[in-house]
Amino acid sequence: MDYTAKLDNALNRLHDEGRYRTFIDIERKQGHFPHATWTRPDGEQQPITVWCGNDYLGMGQHPVVLDAMHEAVDATGAGSGGTRNISGTTVYHKRLEAEIADLHGKESALLFTSAYIANDATLSTLPKLFPGLIIYSDELNHASMIEGVRRNGGAKRIFKHNDVAHLRELLEADDPATPKLIAFESVYSMDGDFGPIEAICDLADEFGALTYIDEVHAVGMYGPRGGGVTERDNLAHRIDIINGTLAKAYGVMGGYIAASEKMCDAVRSYAPGFIFTTSLPPAVAAGAAASVAHLKIDQALREQHQTQAQILKLRLKGLGLPIIDHGSHIVPVIVGNPVHTKVLSDHLLEDYGIYVQPINFPTVPRGTERLRFTPSPVHGPKEIDALVGAMDALWSHCALNRADMAG
């Protein structure tokens with residue numbers, strides 16, 4: 001077996017399809033985000049504006065977060081020193097879990113190293129707790145949810161995206177006595193559309209199913225205290241398990257579930273993804289707790305974020321660009337070809353100092369390749385003007401000369 005040749009073939013397929021992903025070496029400037037420095041392949045440094053980050057509110061540079069992290073580092077050092085079960089639980093982890101539980105109005109919360117791990121570990125563990133469990137999963141759920149459902153060894157049903165009628169058909173076809181769970185998202189990150197939360201909760205009540213929602217792209221940004229779309233719509237009490245992240249709106253790192261005390265205790269006790277993983281560094285937990293606490297009271301930042309997203313969408317629509325607008329903060333511009341998407345991304349970066357990463361298959365279906373912009377409160381008029389001007393020039397060039405761009 002020529003293993004090197006096999007690796008070459010696999011990588012060449014990605015290059016041939018225009019889907020090969022490259023790392024962009026950037027250095028964020030504390031206090032100046034979204035401005036950063038890009039180290040070009042030739043070693044030269046170029047100032048850029050980041051338009052595809054998930055630090056949605058700029059909390060990764062907020063003084064309240066940085067002060068909390070500095071204080072924790074000075075008090076405790078770097079790492080946690082172990083798993084949560086073996087020396088890795090500190091006052092910072094417990095404080096963060098208390099903040100999260102309070103945020104969602106739940107009895108308890110359980111902290112993971114990422115929201116990906118929280119989804120995967122929880123969804124793969126639930127059939128151990130509820131033998132015979134059937135999980136009904138939206139077809140556009142995040143890869144972490146898909147992986148958790150795939151690995152759990154139990155039954156699964158995939159319903160068409162946001163299609164409540166199809167979900168009902170699937171529920172009606174199964175034994176009423178069988179334990180059930182419906183897994184879906186509040187904001188879907190690629191199109192920026194919202195899940196039909198209330199209608200799914202109604203079905204769950206009717207068919208005796210548990211509800212599991214991923215609020216990763218909504219926590220911190222929606223609701224009067226940042227509890228997500230479920231808080232905004234006064235539906236959090238109808239959700240059994242809420243998944244969220246500390247790495248997007250909260251600007252730090254980590255993921256979690258919030259649920260009843262017994263549910264969190266059971267997942268804590270049975271999920272290998274929790275049991276055998278070193279816990280987050282205390283400083284990270286401290287910064288995340290400070291961020292969660294701050295955003296419970298900073299509604300102005302949320303409002304500014306929504307305003308900037310609306311302005312950007314309006315400006316891009318004015319150019320006639322094919323954007324998707326479901327009313328959320330996510331701004332996708334559909335290009336529809338992986339090579340063209342990469343060329344647009346490259347030109348934006350090299351010629352205009354604007355960094356937005358191409359989104360290709362398998363993250364999105366083939367033919368829907370896109371640039372996904374994530375405006376924030378720190379993307380001001382100057383940054384928006386520069387982006388709109390660049391997109392106007394490049395899109396016109398793309399439309400007139402796609403063959404040359406692909407070459």
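Visitor: What makes strand β9 (residues 241–245) mostly covered?

Guide: Five of the five residues of β9 are buried. Buried stands for under 20% relative accessible area, exposed for over 50%, and partly exposed for what lies in between, with a 1.4 Å probe and protein chains only. The strand itself is a DSSP run of E of at least two residues, whereas a helix is a run of H or I of at least four, both numbered from the N terminus. This is a predicted model, in which local features need pLDDT of at least 70 and side-chain atom pairs count only at pLDDT 80 or more, while totals for chains, interfaces and linings use all residues. Residues are numbered from 1 along each chain as its sequence is written, and side-chain values use heavy atoms, with hydrogens and water left out.

Visitor: What makes β8 and β10 pairing partners of β9?

Guide: Pairing requires at least two bridges found by DSSP between two strands. Strand β8 (residues 209–214) runs parallel to β9 and is joined to it by three bridges, and strand β10 (residues 255–259) is antiparallel to β9, with four bridges. Both pairings therefore meet the requirement. Asn243 stands opposite Asp214 and has Ile257 of β10 as a bridge partner.

Visitor: Why are the buried residues of helix α7 said to line one face?

Guide: The buried residues of α7 (residues 197–207) are Ile197, Ile200, Cys201, Leu203, Ala204 and Phe207. Viewed down the helix axis, they fall within an arc of 160 degrees, so they line one face; the arc is taken from the directions from the axis to the C-beta atoms.

Visitor: Why is the pair of Asp120 and Arg151 called a salt bridge?

Guide: The term requires a side-chain nitrogen of Lys or Arg within 4 Å of a carboxyl oxygen of Asp or Glu. The N to O distance for Asp120 and Arg151 is 2.9 Å, so the pair qualifies. Asp120 lies in helix α4 (residues 115–129) and Arg151 in helix α5 (residues 143–151), so the pair ties together parts that are 31 residues apart in sequence.
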